[in-house]
Amino acid sequence: MNGAQDLGGQMGFGPLELEDNEPNFHAKWEERAFALTLAMGATGTWNIDSSRFARESLPPPVYLTSSYYKIWTLGLEKLLVDNSLVSAEELDAGKPLGPSQPLNRVLKAESVAATLKKGGPADRPETQPARYKVGDRVRTRRMNPEHHTRLPRYARDAVGTVETVHGVHVFPDTNARGLGEQPTWLYGIVFKGTDIWGADSDPTLTLRLDLWEPYLDLA
């Protein structure tokens, strides 16, 4: 979707402020937000793409004024309410107001390390040949979906070159909406910076994006 998270190349937001030796977390509550998000994801109630969409669909004024883990927390709250695991009234009260709902799975403390090590691989078996090969010139599609997509707004209707063929992977656009994984080919595309940000941008820049086949056409 076109949301506040999709800011590449836009002006007016100031420079990126890099922190030397930045820690993984700046406060204990951030550790807890991270842990809760992973624990609830492990229940299988939703998938990683619907989790991303929950964060992306936060109102822009909320998204743009929230810290990284505040966004994670608000996204998790939205998923909990949307899946009837917590009510809005319970969030306001900060405690249960009725019996808890059953979960498909529960991540036990002793299983955390093994679960994180395993991860959530998104590669799938090939069922049809790839449409593109290394060296092909491709154009990204012009699209403005209301649902989750991994094609950034700033990189739409742009010409690039296939640099890598990654194999077949879960298609996030359908997976986020509960329409199934619909695995499709994933490519590494390299763009000239001037083809993305215009002739006034730094001519030495290049941009690399991993993009799924439905986003692409031959240039």
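Contact means heavy atoms within 4.5 Å of each other. The model shown is predicted; local features need pLDDT of at least 70, side-chain atom pairs count only at pLDDT 80 or more, and totals for chains, interfaces and linings use all residues. Residues are numbered from 1 along each chain as its sequence is written, and side-chain values use heavy atoms, with hydrogens and water left out.

**View 1. Ser66 in the loop between H3 and H4.** Helices here are DSSP runs (H or I, at least four residues), numbered from the N terminus. Ser66 is in contact with Ile71 and Leu74, leaving aside its neighbours within four places in sequence. With a relative accessible area of 17%, Ser66 is buried (under 20% relative accessible area, 1.4 Å probe, protein chains only). A polar atom of the Ser66 side chain lies 2.6 Å from the backbone oxygen of Val62.

**View 2. Helix H2 (residues 48-56) and its cover.** The buried residues of H2 are Asp49, Ser50, Ser51, Ala54, Arg55 and Glu56. Among the elements that cover them are helix H3 (60-64), H4 and helix H7 (172-175). At the start of H2, the backbone nitrogen of Asp49 has a side-chain oxygen of Asn47 within 3.0 Å.

**View 3. Packing of helix H1 (residues 28-41) with helix H4 (residues 68-82).** The angle is about 35 degrees and the axes are 9 Å apart; axes are lines fitted to C-alpha atoms over the stretch in contact, and angles run from 0 to 180 degrees between N-to-C directions. Residues making the contact include Trp29, Phe34 and Met40 of H1 and Tyr69, Trp72 and Leu80 of H4.

Methods. Helices (H or I, at least four residues) and strands (E, at least two) are DSSP runs, numbered from the N terminus. Buried means under 20% relative accessible area, exposed over 50%, partly exposed in between (1.4 Å probe, protein chains only). A polar contact is a pair of N or O atoms within 3.5 Å; within protein, one must be able to donate a hydrogen and the other to accept it, and residues adjacent in sequence count only if both atoms are side-chain atoms.
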